[in-house]
Amino acid sequence: MPELPEAEAARARIADGALNRTIEAIELGEVSHMDMPDADARARLIGTQFTRTHRHGKYIFVGSKGGPWLHIHLGMAGSIRVCEAGADLPKYVRFTVVFEGDHRLHFRDPRKFGHVELIEDVDAFIGGKGLGPDALSIGDNAFAQAIGGTRGAVKSALLSQRKLAGIGNLWADETLYRTGVDPEARACDLDAGRIGEMHTASRDILQAVVDTGADYSRLPGDWLIHHRNAGDDCTRCDGTIEKKTVGGRTSYFCASHQTKGEAHG
DNA sequence: TTTACTGTTAGGAC
DNA sequence: TGTCCTAACAGTAA
């Protein structure tokens with residue numbers, strides 16, 4: 001389900017199969033309550049081609065030749081499929097680009113939490129959203145600045161797309177598990193070394209997931225992703241996986257090796 | 001039948 | 001002004 005690695009996999013799928021093909025039509029599925037380009041916006045894409053892709057955090061951008069960018073956000077359950085002519089129509093398709101030769105790009109979204117829109121300028125869009133640096137390319141100093149100094153729970157800071165774009169609930173938990181930080185620890189209580197370890201861990205985790213094409217079954221068995229059940233054995237110490245809500249989101253962690261890192265008491 | 005869910009954001013509390 | 005927290009969005013699956 002969509003965090004940065006899924007967005008990157010979707011972007012790659014588009015880059016591999018949907019560029020440099022003339023767009024013949026745009027089709028909408030059942031889209032009530034969803035943000036979709038209106039008829040005028042859709043008409044702007046007809047006859048042109050997509051020529052490039054970009055991703056920032058969980059946000060996907062597909063550039064048309066000399067024209068607008070198609071922005072796609074996968075929401076909670078969205079996915080991208082690129083199909084050859086004659087392929088069966090997947091379920092829950094909300095937005096389809098039909099290329100020459102009946103080649104198709106489908107945006108599926110069962111829960112309708114995703115968004116598709118046409119934008120003129122990617123940088124202006126990112127700035128307008130107030131998104132922080134991309135989690136895969138952010139530097140050490142920028143990471144420390146984004147996450148350190150926050151008085152609230154460190155997990156909430158990791159999840160904030162305004163501080164750092166791309167990390168969601170699953171990989172925030174995985175990062176904290178690997179670095180031994182309690183999700184409720186206050187970021188300002190963590191020393192610079194710990195913050196640096198979290199940066200390294202988050203980047204390594206996200207890159208590893210990207211490298212599998214966001215296929216979780218190919219990730220190492222000792223990762224938390226495979227043990228998100230209260231009562232499971234911790235794979236890093238003798239502890240047990242517990243569950244609690246932090247920042248409104250379900251968090252799995254090991255209370256034995258994940259600590260709050262307070263300097264005093 | 002009830003409950004929880006991977007993301008985002010508006011609105012309210014402090 | 002900023003920061004943080006909660007609720008709500010819609011549909012599915014356990």
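**Entry 1: the largest nonpolar core**

I looked up the largest nonpolar core in this predicted model, and found that it has 33 residues, with Ile147, Val154, Leu158, Trp171 and Met198 making the most contacts inside it. Helix 7 gives the largest share, 6 residues.

I noted for myself that nonpolar side chains tend to be buried together in soluble globular proteins.

**Entry 2: around Trp171**

I followed Trp171 and, leaving out residues up to four places away in sequence, found that this side of the list runs from Glu3 and Pro5 through Ile205, Leu206 and Val209 to Tyr216, Leu219, Trp223 and Ile225, which Trp171 touches.

Apart from the core of Entry 1 I found another, of 26 residues, which includes Ile26, Met36, Phe95 and Leu105.

Why is strand 6 largely enclosed by the rest of the structure? I checked residues 93–99 and found 7 of the 7 buried, so I recorded the strand as largely enclosed.

I next looked at what pairs with strand 6, and found strand 1 (residues 23–28) running antiparallel to it and joined to it by 5 bridges, with Ile26 standing opposite Val97. Strand 7 (residues 104–108) also runs antiparallel to strand 6 and is joined to it by 5 bridges, and here I noted His106 as the bridge partner of Thr96. Strand 6 and strand 7 form a hairpin with 4 residues between them, and in the turn I marked Gly101, whose phi is positive at about 80°.

**Entry 3: DNA strand C**

I then turned to DNA strand C and listed the residues that surround it as His33, Tyr92, Pro110, Arg111, Lys112, Phe113, Thr150, Arg151, Gly152 and Ser156.

Which parts of DNA strand C lie within 4 Å of the protein? I found that 52% of those atoms belong to sugar or phosphate, and that the rest belong to bases.

Finally I looked up contacts to phosphate oxygens of DNA strand C, and found one 2.9 Å from an N or O atom in the side chain of Lys112. For Arg151 the contact is instead made by a backbone N or O atom, at 3.4 Å, and for Gly152 by a polar backbone atom, at 3.1 Å.

Methods:
Residues numbered from 1 in each chain as written. Chains lettered and ligands numbered in written order. Predicted model: local features only at pLDDT ≥ 70, side-chain atom pairs only at ≥ 80, totals over all residues. Heavy atoms only, no water. Near = heavy atom within 4 Å. Polar contact = N/O pair within 3.5 Å; in protein donor to acceptor, adjacent residues only side chain to side chain. Core = buried A, V, L, I, M, F, W, Y, C linked by side-chain atoms within 4.5 Å. Buried < 20%, exposed > 50% of the residue type's maximum accessible area, 1.4 Å probe, protein only. Helix = DSSP H or I, 4+ residues; strand = E, 2+ residues; numbered from the N terminus. Contact = heavy atoms within 4.5 Å. Pairing = 2+ DSSP bridges.
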